[in-house]
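Dear colleague,

Please find below the structure that I am handing over to you. A summary of the findings comes after it.

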Amino acid sequence: MGLLPREGWPRTKVLDKLSAILGRLPRYSESILGSTTTLPSMLAHDVFRMFQYYDADDEWLYDEISKLEEEVISMIAEIVGCSEGECIGMITSGESESNLAALFLAREHGYRRVYFTRTVHDSIVKASYILGLEVVIAPYNPWSYKLDPSMLLELVSRRGSGLIVATIGTTGFGTIDPIESIAEVARRTNSVVHIDAAYGGFIAPFIYKHIKLGFENEEVVSITVDPHKLGGAPIPAGAIITRDKKWFKPLVFPSSYLPAGVQKGLLGTRTAGSIAATWAAVVSNGYLGYEQQAYHLMNTSRYLISRLEEEGIQPIVEPDLPIICLPCRDVATSIRSLARNNVYVYKCGLVDGLKITIMPHVSRNLIDKFIELYTKICV
Ligand SMILES: Cc1ncc(COP(=O)(O)O)c(C=O)c1O
């Protein structure tokens with residue numbers, strides 16, 4: 001045995017080593033400007049610790065947890081346009097699992113062809129590959145970077161019905177695909193729609209109240225939302241919500257050993273901490289809390305954009321939500337230079353640019369610091 005200590009380390013030695021690592025990690029509020037993760041509310045953090053050792057997979061032993069899960073899913077479902085009590089779903093480990101589950105459900109309901117445009121999150125591409133789906137890439141509008149409904153209609157009419165994936169808050173550009181028009185394409189081609197609202201689910205419905213962004217469109221069969229992004233819950237917490245029980249059913253698997261006789265979702269043992277913490281975050285924020293957060297994030301985003309306009313710089317794509325893709329002359333080198341100054345940004349992906357994500361921890365001070373560095377490094 002070379003790596004595994006022969007004698008267990010004392011507690012202080014373990015904690016000293018780990019504290020040193022923790023101390024070297026970049027702090028959210030001082031430096032993180034690219035990631036869609038943030039610090040949870042203290043309440044959700046505490047609740048997670050209270051419930052983390054209980055296995056939500058065992059619905060017989062912990063039926064109280066299952067009820068809590070139903071409750072919180074119904075509340076999130078309401079935000080994304082579900083009529084009271086109709087939708088069901090579950091808390092997952094995050095949006096990648098949720099998207100995999102959503103595409104799995106579509107496949108089990110007979111939709112083996114999936115349409116999406118290149119702005120989708122990598123997890124949609126990954127899920128399609130895992131599930132062996134036929135992928136058809138739909139064009140995006142070259143100015144708005146949104147899925148183009150008229151070209152989509154032409155494509156689906158030619159290739160045949162399928163699952164159409166739309167995004168509320170694209171990872172690289174913060175755009176919202178034209179959901180109502182996409183739903184109309186689905187209606188005319190016997191297709192169904194899945195919406196990835198990982199980032200946008202807890203913000204877009206509060207800002208764009210005049211648009212039907214979710215289940216109000218009958219063709220929408222599933223929506224995924226990430227409580228560990230803007231919901232206030234700690235990692236890991238995703239959510240998948242389906243239009244009704246029938247659509248969700250393939251995600252309920254038989255279990256040979258759990259007393260409930262069934263097991264929900266693509267994974268197995270899962271922490272009740274995620275469910276209880278998401279519940280705590282959702283009820284403590286309430287509608288008004290999320291609305292306030294949504295406007296705060298939009299205002300912070302406008303602040304960044306207007307400061308850049310003063311320097312004569314525009315985002316590469318006009319965002320609908322606070323994810324901003326900025327031009328930069330050498331993206332890879334600039335990301336490293338910014339990191340040396342303790343500012344961490346991401347890449348936009350589809351185009352060469354720097355991705356900034358406005359999360360609750362992002363302050364105007366951090367934005368000012370970024371702009372000072374950005375104008376020296378990137379422009
Ligand atoms: C639109 C979108 N979908 C899916 C994901 C993946 O989420 P997770 O990292 O929780 O699996 C992300 C992550 O940023 C995202 O922005």
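Please note that the model is predicted.

I begin with helix α7, which spans residues 149-159. Pro 149, Leu 152, Leu 155 and Val 156 are the buried residues in this helix. Viewed down the axis of α7, they fall within an arc of 120 degrees and so line one face of the helix. On the other side, Ser 150, Ser 157 and Arg 158 are exposed. The packing partners of the buried residues are the strands β2 (113-116), β3 (134-137) and β4 (163-167), together with helix α8 (179-188). After α7 comes Gly 160, which has a positive phi, near 110 degrees.

Is Gly 169 buried or exposed? Gly 169 counts as buried because 29 other C-beta atoms lie within 10 Å, where the threshold is 20 or more. Leaving aside residues up to four places away in sequence, Gly 169 touches several residues, among them Gly 174, Ile 176, Tyr 199, Leu 321 and Ile 323. The C-alpha atoms of Gly 169 and Ala 102 are separated by 17 Å, and the two residues are 67 residues apart along the chain.

Finally, the ligand has 15 residues around it, of which Gly 94, Glu 95, Ser 96, His 121 and Ala 198 come nearest. Helix α5 (residues 95-108) supplies the largest share of this shell, three residues. By class, the shell consists of ten polar, three charged and two nonpolar residues. Ala 198, one of the nearest residues to the ligand, is also among the residues that Gly 169 touches.

With kind regards

Definitions and conventions. Residues numbered from 1 in each chain as written. Predicted model: local features only at pLDDT ≥ 70, side-chain atom pairs only at ≥ 80, totals over all residues. Buried ≥ 20, exposed ≤ 12 C-beta atoms within 10 Å, placed from the backbone. Helix = DSSP H or I, 4+ residues; strand = E, 2+ residues; numbered from the N terminus. Arc of directions from axis to C-beta. Contact = placed C-beta atoms within 7 Å. Near = placed C-beta within 6 Å. Nonpolar A, V, L, I, M, F, W, Y, C, P; charged D, E, K, R; others polar.
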